[in-house]
Amino acid sequence: MPEGPPGGRPSWGRSRIITLAVAVVLLAIAAVAAATMDDVVQDLQGTGMRSNLTLVCGVAGLAVLLAALLWPSPTRLRSLAWFSAGVSLLCVVATVFIWVCVAQNDQVHAAPGTVVSDRAQTERALARQGMKGRKGIPTGLMIETMQYTDSNNVKLTGYIWQRLPKADAETAQVELPDAVDGGVGDEIYRDPVGGGEEVVGWKLSTTVREKFDYRTYPLDRQVVWLVMWPKDSGTTALVPDFEAYPPWDSHEKYGMYQHIVSGEWQPRFTTFSLGHSNERTSYGRPDVRLDGRIPELTYSMGLNRAFLSPLLDRLVPLIVIAMLVFASLFVVTKDSDRRSLSGFSTWAVIGFCGSMMLVVSVQHSSLRSATGSAGGIVYAEYFYFILYLVIGLVALNAVEHTSERRFRLVDWRDNSAARLLYWPVTCLLLFAVTTAVFVIGDVS
């Protein structure tokens, strides 16, 4: 069925109606999947089929709908340009939406051992771990400052207290196995509480070392653990002093100063958990079993990175480079007259692409150093991989225009195909990577 005169406004023929119907079906699937979610923002952070269908079918449906409305074709260059811009914008919006969903996640996760929130849960957790007969030492914390000193070390200051028998209250009955310096400091207060016991508070200042997961940087969520062992690990176990706090709610961030200055990190939850170490040594101590089951009390602080600043720090230079590389496509031409005016030559474009590659690689190296990610790839690195690919394709495009073997698609309308595909391909790759990492990939 004819679609209208070349270059004119196309009629609504059979092909265009079928395209519109496909768009409606895809959007309907996305709408049904989204309607079955309890909370769209929270559910999109998971790895379920509904979140995948919502995103993939939603973006695909809007792209097909845009194609049906604009109906781009080789004879309608303006429609092609608008379709290219629309698809690029659609991918960018979908990517930003995923970023916002990830940034709003405040679920309790990655806390070691068994999370407890009251005395009854504590007793049950000790019983399950075979430590029911141990004497519990109530221990509490108030973290006042927190500072990342590098990619794996965190400095914490605040107060730690314990409820102890008077005979044992001269020193803190706690050890910090993950501390690289500092620890329990000077005594601050001592109050009798009856029953021959005292509550003793000490100053806490320590740097703990942990292996943080930066795979989703700069949208990563970290959990800072302060692991505590009892000094007499054979007969005692540290337990949370829940009586020193209101009824425990992890999202109220008890045990952390409410106005804590944490840099680019936003506290999301705090929790106590009980577990045991797996050191497989007795440390030469007669009261410690060889299986190394030393009881552990862990205070965990869940943090979300305030991603906007580091994201802009990484993206803005890359966007500028991407725009400069895109501008170089308008210099590439097979018209001899235009070549003389623009100064186009294959070596000039290759030299420009090489310099852009060098700038991108330097920034890429700084990212690797900042995250200490020698053993894996972080999310922000995909920005650089995408730009490596795009710059390489632009260099190949310039080579093709001066080679003897020519390709009709590349030469179409004096390099118009490369200009029309540049932003959709770049933005689609960014959206695909973001979806794979945060929606399909099990990283939450």
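Glutamate 381 is buried in this predicted model, with a relative accessible area of 2%. Its salt-bridge partner is arginine 368, and the closest N and O atoms of the two are 2.7 Å apart. Arginine 368 has 25% relative accessibility and counts as partly exposed.

**Other salt bridges**

- Nine salt bridges are found in a search of the whole structure.
- Aspartate 241 pairs with arginine 163, with 3.9 Å between the closest N and O atoms.
- This pair links distant parts of the chain, 78 residues apart: aspartate 241 is in the loop between S7 and strand S8 (265–276), and arginine 163 is in strand S3.
- Aspartate 241 counts as buried because its relative accessibility is 4%, under the 20% cut-off.
- Arginine 190 counts as partly exposed at 27% relative accessibility, and glutamate 187 counts as partly exposed at 38%.

**The largest pocket**

- The largest pocket holds about 540 Å³ of space.
- Its lining comprises 24 residues, and those nearest the pocket centre are Lys135, Gly136, Ile137, Pro138 and Val239.
- Two or more lining residues come from each of helix H5 (119–128), strand S2 (135–148), strand S3 (153–165) and strand S7 (236–240).
- Helix H5 gives the most to this lining, with five residues.
- By residue class, the pocket lining has 11 charged, nine nonpolar and four polar residues.

**The cavity**

- The structure has one cavity of 30 Å³ or more, and the volume of the largest cavity is about 30 Å³.
- The residues around the largest cavity are Leu126, Gln129, Met131, Ala237, Leu238, Leu274, Gly275, Pro295, Glu296 and Leu297.
- S7, S8 and strand S9 (295–305) are the elements that give two or more residues to the cavity lining.
- Strand S9 gives the most to the lining of this cavity, with three residues.
- The cavity lining divides into seven nonpolar residues, two polar and one charged.

**Helix H1**

- Helix H1 (residues 14–35) has 22 residues, and the distance from its first C-alpha to its last is 31 Å, close to the 32 Å expected at 1.5 Å a residue.
- Arg16, Thr19, Ala23, Ala30 and Ala33 are buried in H1.
- Viewed down the helix axis, the buried residues of H1 fall within an arc of 115°, so they line one face of the helix.
- An α-helix has 3.6 residues a turn, so residues three or four places apart point the same way.
- The exposed residues Arg14, Val32 and Ala35 are carried on the face of H1 turned away from its buried side.

Key. Residues are numbered from 1 along each chain as its sequence is written. This is a predicted model: local features need pLDDT of at least 70, side-chain atom pairs count only at pLDDT 80 or more; totals for chains, interfaces and linings use all residues. Side-chain values use heavy atoms; hydrogens and water are left out. On a 1 Å grid over the protein atoms alone, a cavity is a set of points where a 1.4 Å probe fits but cannot get out, and a pocket is an open set with protein on both sides within 12 Å along at least five of seven lines; lining residues have an atom within 4 Å of a point. Grid points are joined across faces, edges and corners, and a volume is the space filled by probe spheres set on the points. Helices (H or I, at least four residues) and strands (E, at least two) are DSSP runs, numbered from the N terminus. Ala, Val, Leu, Ile, Met, Phe, Trp, Tyr, Cys and Pro count as nonpolar, Asp, Glu, Lys and Arg as charged, and the others, Gly among them, as polar. A salt bridge is a side-chain nitrogen of Lys or Arg within 4 Å of a carboxyl oxygen of Asp or Glu. Buried means under 20% relative accessible area, exposed over 50%, partly exposed in between (1.4 Å probe, protein chains only). The expected span of a helix is 1.5 Å times one less than its number of residues. The arc is that of the directions from the helix axis to the C-beta atoms.
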